[in-house]
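Reader: Hi! Could you walk me through this one? I'd like to go residue by residue where we can.

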Amino acid sequence: MFVVRVNDADGNLAHLPEGMDLAAAAMLADMVPTGFHGVELADVQFGDNVAVIGIGPVGLMSVAAAAIRGAANIYAVGSRKNCADLAREFGATDIINYREGDIVEQILEKTHGKGVDKIVVAGGDNATFDQAIRMLKPGGIIGNVNYLGE
């Protein structure tokens, strides 16, 4: 037996359901809260048009969270087929593949030049963040949960 000290355990620990796979539980501790936090940072509301840039594990959870909060259209930006398939399963209405052209142009085309209300940045680099700014409606909000360092 070993002992582990967890700071603020009441807020940082939860009982696992009986029989839950421990590997799945370990992944849950990062992907779900980070993805959901991105949606909270972007203040996604019912009826919003939302872009989620990067549909790895965290981005996929952002897609799910945006759907739960009632987003009207969810544009999931990514290129891997398996991730795109999961994004659709989790609520994405459209897949924007950056290998098929500039994501800003694709988003503006889908939104008839208006842009999106909210964006969650869950992947990419500094150039991606610039793209996010250019596809956002005036007054829109970006929730960034991606590392943008060098």
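Reader: Is Asn 73 buried, partly exposed or exposed?

Author: Asn 73 is partly exposed, because its relative accessible area is 27%. Buried means under 20% relative accessible area, exposed over 50%, and partly exposed in between, using a 1.4 Å probe and protein chains only. One note before we go on: this is a predicted model, where local features need pLDDT of at least 70 and side-chain atom pairs count only at pLDDT 80 or more, while totals for chains, interfaces and linings use all residues. Residues are numbered from 1 along each chain as its sequence is written, and side-chain values use heavy atoms, with hydrogens and water left out.

Reader: Good to know. Which side chain does the side chain of Asn 73 make a polar contact with?

Author: That of Asn 49, at 2.7 Å. A polar contact is a pair of N or O atoms within 3.5 Å; within protein, one must be able to donate a hydrogen and the other to accept it, and residues adjacent in sequence count only if both atoms are side-chain atoms.

Reader: Is Asn 49 buried or exposed?

Author: Asn 49 counts as buried, because its relative accessibility is 16%. Leaving aside neighbours within four places in sequence, Asn 49 is in contact (heavy atoms within 4.5 Å) with residues including Ala 72, Tyr 75 and Val 116.

Reader: Switching to α5, which of its residues are buried?

Author: Ile 103, Val 104, Gln 106 and Ile 107, in a helix that covers residues 103–110. Seen down the axis of α5, these fall within an arc of 165 degrees, so they line one face of the helix. The arc is that of the directions from the helix axis to the C-beta atoms.

Reader: What do they pack against?

Author: β1 (49–53), β2 (73–77), β3 (94–96), β4 (116–121) and α6 (126–135). The face turned away from the buried side carries the exposed residues Glu 105 and Glu 109.

Definitions and conventions
Helices (H or I, at least four residues) and strands (E, at least two) are DSSP runs, numbered from the N terminus.
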